[in-house]
Amino acid sequence: MIYLITGGERSGKSTYAQNLALQLSESPIYVATARKWDVDFQNRIDRHQQERDERWTNIEKEKHISEIDFSGKVALIDCVTLWLTNFFVDTNYDVNLSLEEAKKEFLSIASQENTVFIIVTNEIGMGVHAETQIGRKFTELQGWMNQFLASKADEVILMVSGIPVRIKGL
């Protein structure tokens, strides 16, 4: 089962996803994909970690999430945007190679049996048009990956101002 939780910045995606994970499991896995870019980002990571209690197994994995054994677990992956950023930077901003590598990683985890995945992503293309060429390339990468993930997901939830709107699924 794959849930894709999408929406804009501060729309309530992570909170919704965490609550869903705890409804589905007493001991979910939280996969943080953030790279620690600077002190401000470390503070954000610390704040998010404090939101999760002892029920969670926390794993930090910047790119190769397929190395994790998720079999039979409920796993929350937060978030695709930061995960894609790591591919994008490491491939020297190559959209096609980043997309290929990210899809391959996703397909590797999605094949694990008896697993529930809750994947958080951002709808960055709904906001302000990126000023830089790299920003526009990343917006394209994010949009294409979101389309791919949504096509594979059983349920897709769009978060709008803290309200979940089911756009695919039961």
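Predicted model: local features only at pLDDT ≥ 70, side-chain atom pairs only at ≥ 80, totals over all residues.
Q: Which residue just after H3 takes a positive phi?
A: The place to look is just past the end of H3. There the phi is about 60 degrees, and the residue is Asn92.

Q: Are H4 and H5 roughly parallel or roughly antiparallel to each other?
A: The axes of H4 (residues 95–110) and H5 (residues 133–152) come within 10 Å and cross at roughly 25 degrees. Angles under 35 degrees count as roughly parallel. The two helices are therefore roughly parallel.

Q: Is the crossing of H4 and H5 left-handed or right-handed, and how many nonpolar residues does their contact have?
A: H4 passes H5 in a right-handed crossing. On the H4 side the residues are Val95, Ser98, Leu99, Ala102, Lys103, Phe106 and Leu107, and they meet Lys137, Leu141, Trp144, Met145, Phe148, Leu149 and Lys152 in H5. Sorted by class, this contact has three charged residues, one polar residue and, for the nonpolar class, ten.

Q: Which residues touch the most other members of the largest nonpolar core?
A: In soluble globular proteins, nonpolar side chains tend to be buried together. Here the largest nonpolar core has 28 residues, and the elements giving two or more residues to this core are E1, E2, E4, H3, H4, E5 and H5. Those touching the most other members are Phe70, Trp83, Phe106, Phe117, Ile119, Met145 and Leu149.

Q: How many residues are in the other core, which lies apart from the largest one?
A: Among the members of this other core are Ala17, Ala21, Tyr30 and Ala32. Its number of residues is 16.

Q: Which residues does Phe106 contact, leaving aside neighbours within four places in sequence?
A: Phe106 is one of the H4 residues that meet H5, and Phe106 also belongs to the largest nonpolar core. With those sequence neighbours set aside, its contacts are Ile2, Trp83, Ile119, Met145, Phe148, Leu149 and Lys152.

Q: Is Arg52 buried or exposed?
A: Arg52 sits in the loop between H2 and E3. Not counting residues up to four places away in sequence, Arg52 touches Gln18, Tyr30 and Asn58. With a relative accessible area of 8%, which is to be set against the cut-off of 20%, Arg52 is buried.

Q: How far apart in space are Arg52 and Tyr30, C-alpha to C-alpha?
A: In sequence, 22 residues separate Arg52 and Tyr30, yet the two are in contact. Their C-alpha to C-alpha distance is 9.0 Å.

Methods:
Residues numbered from 1 in each chain as written. Heavy atoms only, no water. Axes fitted to C-alpha atoms, helices over the stretch in contact; angles between N-to-C directions. Helix = DSSP H or I, 4+ residues; strand = E, 2+ residues; numbered from the N terminus. Parallel < 35°, antiparallel > 145°, perpendicular 65-115°, else oblique. Left-handed = near helix turned anticlockwise from the far one by under 90°. Contact = heavy atoms within 4.5 Å. Nonpolar A, V, L, I, M, F, W, Y, C, P; charged D, E, K, R; others polar. Core = buried A, V, L, I, M, F, W, Y, C linked by side-chain atoms within 4.5 Å. Buried < 20%, exposed > 50% of the residue type's maximum accessible area, 1.4 Å probe, protein only.
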